[in-house]
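My entries follow the display.

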Amino acid sequence: MAVTEATQPRTYGNFRKPRTSGLRGLSLGATLLLFAGLIAVVLATLVSVWAALVLGLVLVTVLAPLALRDRHGRTLMQRGAVRLAWRRTTSSGGHQYRSGPLGLTGYGTCQLPGLAAESTLTEARDGYGRPFAVITIPATGHHTVVISCDADGAALVDEQQVDIWVAHWGQWLSALGAEPGLVAASVTVETAPDSGVRLQQEIAANAVLGAPDLARSMLREVLAAYPAGSAQIATRIALTYSGAAREGTSRRSVEDMALHIGTRLPGLTAGLSMTGAGTAVPMTATELAEAVRVAYDPTVASLVEEARGSGGSGLTWDQAGPMAAQESWDHYRHDGVFSVTWAMTEAPQGEVFSNVLTALVQPNRDIARKRVTLLYRPHTRAEGARVVQQDYKNALFTAQQSQVGQARDDAELTAARRTTEEQAQGHGVIRFGLLITATVNSADELATAAATVDNLAPAARIAVRPVYGSQAAAFAAALPLGLVLPLHTALPQTVRDSM
């Protein structure tokens, strides 16, 4: 009798946030400031004890905002900078947006607000002759193409097949580091109630005259009951390319970038077919404008579907934005609905299974429209090697700071060493984040949506917090627009790293 060994469920993990190169969690700049301050205090004791005490007090006052952190890892200086930026925004009226005939921007159009206000949309064709839309952000010189996927889902699928999908997805992400000109990618899973318009159009298109009364009665009951408990799930992958100037040339034009992206799309969409993403096709300009329009005003979802079914719609990019929007400290109001966006502050600790995000991305009855977006920024092979080596050195330095080693520091050192070994074997290194946007119909439902997300996040083994003071920017970043948030911050990169 042949005996087969039961296979153990595959687990995933080793999600690492690179350690700082400073002392006891401080940044490098704060550590240098601490050493310089201590030297100044020691020298001041040669002159006057009181002068040394004053310098010591000043040093503690300066370093406290850099050293004290909340449970999400944010320093007092970072929180204070957000407060000051929010006060400046409200004092200048930047938290309010009005468009349309009574608006002050766009000459009566409904252009997108905030970070995507200057974006443009063009359409080209890829190597297969398929039309695809290109979003251009002039401020950063980025060009984004969006791929629509019809994911198969993991219901009634063998665990072995799921593992194969995950493996191919990991390979696809790893290959992004070698993709010419690619700077960022995102995966957006959006759930919303199904209006039933598509089913109604499908039945109307296939109905025949003289059908039995029983069949027509049954279909009427289906049309009446189906939308009540059903939901539609849309999966979109945005790929952002840089149009930066090459050596000896100026910044690449939209036409050049469209040609470059068009030649890469067939291979990228073919690679997605092995990841469980189903049929992957690039979105056209009209489809992308409709998706963004519905995100800002969900009440027009059924109207957009009806127009699309009748061969109409034809929304343009300057009609995709809201008529009015107003940002508050903890939520965002746009065209009569309310949204709150959370950002991930801690990745899953330890090992997780492949379905760790299932409850987070699936439809929820307490949230009218939910959007979960994974943000990726791949490293090139050279950058990845430098990052993991520096992280290993920092973890080793931290573990050697105390004579009695701590178990957490030893585990961090082991994980960092494992990461360097995997990178040396050819695995890719990629930065990632996660945004969750919940949209409800009234302000009274915001508390229920917040409680629901607070329950879903621990089940996904992640820690999240609302994006206080930047709800409008976070809402736009959760859409498949290709916004790379670190390039839109008011503080320079060096200042943010030191904080």
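For burial I used relative accessible area with a 1.4 Å probe and protein chains only: under 20% is buried, over 50% is exposed, and partly exposed lies in between. I worked on a predicted model, in which local features need pLDDT of at least 70 and side-chain atom pairs count only at pLDDT 80 or more, while totals for chains, interfaces and linings use all residues. Residues are numbered from 1 along each chain as its sequence is written, and side-chain values use heavy atoms, with hydrogens and water left out.

Entry on Trp-172. I found this residue in helix H4, residues 159-176; helices here are DSSP runs of H or I with at least four residues, strands are runs of E with at least two, and both are numbered from the N terminus. Trp-172 counts as buried because its relative accessibility is 8%. From Trp-172 to Gly-271 I noted 6.7 Å, C-alpha to C-alpha, across 99 residues of sequence.

Entry on the nonpolar patch. Leu-33, Val-54, Val-58 and Val-62 make a nonpolar surface patch of about 310 Å², and helix H2 (residues 49-67) gives the largest share, three residues. A patch takes residues with over 30% relative accessible area and no salt bridge, joining nonpolar side chains (Val, Leu, Ile, Met, Phe, Trp, Tyr) within 5 Å and like charges within 9 Å; a salt bridge is a side-chain nitrogen of Lys or Arg within 4 Å of a carboxyl oxygen of Asp or Glu. Val-58 is partly exposed at 46%, and Val-62 is partly exposed at 39%. Val-62 and Leu-33 are 29 residues apart in sequence, with 9.2 Å between their C-alpha atoms.

On a 1 Å grid over the protein atoms alone, a cavity is a set of points where a 1.4 Å probe fits but cannot get out, a pocket is an open set with protein on both sides within 12 Å along at least five of seven lines, and lining residues have an atom within 4 Å of a point. I found one cavity of 30 Å³ or more, and the residues lining the largest cavity are Glu-190, Arg-236, Ala-291, Val-292, Arg-371, Leu-479 and Pro-480.

The second largest pocket has a volume of about 640 Å³, the volume being the space filled by probe spheres set on the grid points, which are joined across faces, edges and corners. Of its 22 lining residues, Arg-198, Gln-232, Ala-234, Arg-236 and Arg-308 are the closest to the centre. Elements giving two or more residues to this lining include strand E6 (231-242) and helix H9 (301-309).

Definitions and conventions: Areas by Shrake-Rupley, 256 points an atom, 1.4 Å probe, with all protein chains shown as cover.
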